[in-house]
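Let's take a walk through this fold together, one piece at a time.

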Amino acid sequence: MIVITGATGALNGATVEHLLKRVPAEEIGVSVRDVAKARHLADRGVRVRQGSYEDPEALRKSFEGAEKVLLVSSNDPRADGVGLHRAGVEAAVAAGAQRILYTSHQNSRMDTPFPPGPEHAATERILAGSGVAWTALRNGFYAHSIGWLLGNWREDGVIAAPEDGPVSWTDRADVAEAAAVILAGDREFDGPVVLTARQAVTFDDVAELASRVSGRAVRRVVVADEEWVAGEPEEVARMKLSMFEASRQGHFAETSPVLAELLGREPHGITL
């Protein structure tokens with residue numbers, strides 16, 4: 001059996017849908033906080049059990065009988081993500097899983113200014129010490145999030161943002177499908193596997209794309225870090241700024257052909 005956490009969320013929910021096209025429903029289980037939200041899966045024959053990283057006992061029961069477990073990373077910046085992920089890994093090991101997969105992030109390392117990076121790196125270390133085969137799905141930066149960084153370019157024809165570097169913006173739907181391909185397939189990925197778009201682009205490139213899409217000239221304007229931070233609530237702005245800081249250090253520039261190989265087609269690019 002393959003058991004997936006976070007199956008009512010956008011990423012792993014899409015993975016379950018793709019997995020249902022590849023393996024019988026009775027071979028799929030989901031571990032969710034609220035089983036009522038997974039009724040649509042139960043109605044199709046998927047095993048639905050309640051479980052959360054905050055409740056290790058329930059989590060272990062939800063993993064019962066699993067050969068493979070896919071752990072989604074915590075998306076709460078205020079939570080102890082590493083501790084929650086450790087609970088997930090330990091529950092999967094206790095349940096007898098033979099392989100643990102985890103939704104990580106490209107170039108996860110301890111020395112990146114992007115806060116989720118060290119959290120993912122620490123989780124990968126936990127996986128490496130678990131004694132169980134493991135795969136870290138190092139997904140590229142999700143392309144839909146670029147909209148949070150571009151400002152009101154459609155209205156004013158300007159992309160005003162801090163200095164940036166190349167980013168291999170990657171479609172979340174593509175990596176969700178790739179995860180299903182890996183889960184259902186015989187090809188084993190041991191350790192980290194990088195799943196990104198084919199190209200890494202800068203905001204200068206995005207401004208050119210925006211110009212073509214809109215039919216008007218869109219300029220790229222570099223704004224000083226602190227000036228940009230002052231334009232919105234500080235906690236949100238600091239998180240966004242960390243992405244720019246990491247990108248100009250090259251942390252998101254890596255590209256890989258693996259995603260295209262798994263999909264059997266070219267991954268989607270940025271859409272504006």
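What follows is a tour of a predicted model, from strands to cores to helices.

Look at what flanks it. Strand 5, residues 99-105, runs parallel to strand 6 and is joined to it by seven bridges. If you want a landmark for that pairing, find Tyr102, which stands opposite Ala136 in strand 6. Strand 6 also pairs with strand 8 (residues 191-195), again in the parallel sense, over five bridges. The landmark for this pairing is Leu137, which stands opposite Val193 in strand 8.

Now zoom in on Thr135, which lies in strand 6. Is Thr135 buried or exposed? With a relative accessible area of 0%, Thr135 is buried, since anything under 20% counts as such. Its side chain still finds polar partners there. One is the side chain of Arg99, with a polar contact at 2.9 Å. Another is the backbone oxygen of Phe189, which lies 2.3 Å from a polar atom of the Thr135 side chain. Setting aside residues up to four places away in sequence, Thr135 touches Arg99, Ile100, Leu101, Tyr102, Phe189, Gly191 and Val193.

The side chains of His120 and Tyr102 make a polar contact at 2.7 Å. His120 counts as buried, because its relative accessibility is 6% and the cut-off is 20%. Beyond residues up to four places away in sequence, His120 touches Ser73, Tyr102, Thr103, Ser104, His105 and Ser108.

While you're in this area, look at the loop between strand 5 and helix 5, where you'll find Asn107. Its phi is near 55°, a positive value in a residue other than glycine. Asn107 has a relative accessible area of 19%, so it is buried under the 20% cut-off.

The largest nonpolar core has 33 residues, and Leu19, Leu41, Leu195 and Leu262 touch the most other members. The elements giving two or more residues to this core are strand 1 (2-5), helix 1 (10-20), strand 2 (28-32), helix 7 (172-184), strand 8 and helix 11 (258-263). Helix 7 supplies the largest share, eight residues. Apart from this core lies another one of 26 residues, among them Ile146, Ala161, Ala210 and Leu241.

Leaving aside neighbours within four places in sequence, Leu41 is in contact with Ala7, Val16, Glu17, Leu20, Val30, Val46 and Val48. Ala38 is found in the loop between strand 2 and helix 2 (39-42). Ala38 is buried, with a relative accessible area of 0%, and touches Thr8, Val32 and Val48, not counting residues up to four places away in sequence. For a sense of scale, the C-alpha atoms of Ala38 and Ala200 are separated by 36 Å, with the two residues 162 apart along the chain.

We'll finish with two helices. Helix 4, residues 81-94, has 14 residues, which should span 20 Å at 1.5 Å a residue; its end C-alpha atoms are 20 Å apart, which agrees. Its buried residues are Gly81, Leu84, His85, Ala87, Gly88, Val89, Ala91 and Ala92. What covers them includes helix 3 (56-62), strand 4 (68-71), strand 5 and helix 5. Helix 4 is followed by Gly96, whose phi is positive, near 90°.

Helix 10, residues 234-248, has 15 residues and reaches 21 Å from its first C-alpha to its last, close to the 21 Å expected. Its buried residues are Ala237, Lys240, Leu241, Ser242, Met243, Phe244, Ala246 and Ser247. They pack against strand 7 (158-161), helix 8 (203-214) and helix 9 (225-229). Just after helix 10, Gly250 takes a positive phi of about 85°.

Technical notes. Residues numbered from 1 in each chain as written. Predicted model: local features only at pLDDT ≥ 70, side-chain atom pairs only at ≥ 80, totals over all residues. Heavy atoms only, no water. Pairing = 2+ DSSP bridges. Helix = DSSP H or I, 4+ residues; strand = E, 2+ residues; numbered from the N terminus. Core = buried A, V, L, I, M, F, W, Y, C linked by side-chain atoms within 4.5 Å. Buried < 20%, exposed > 50% of the residue type's maximum accessible area, 1.4 Å probe, protein only. Contact = heavy atoms within 4.5 Å. Polar contact = N/O pair within 3.5 Å; in protein donor to acceptor, adjacent residues only side chain to side chain. Expected span 1.5 Å × (residues − 1).
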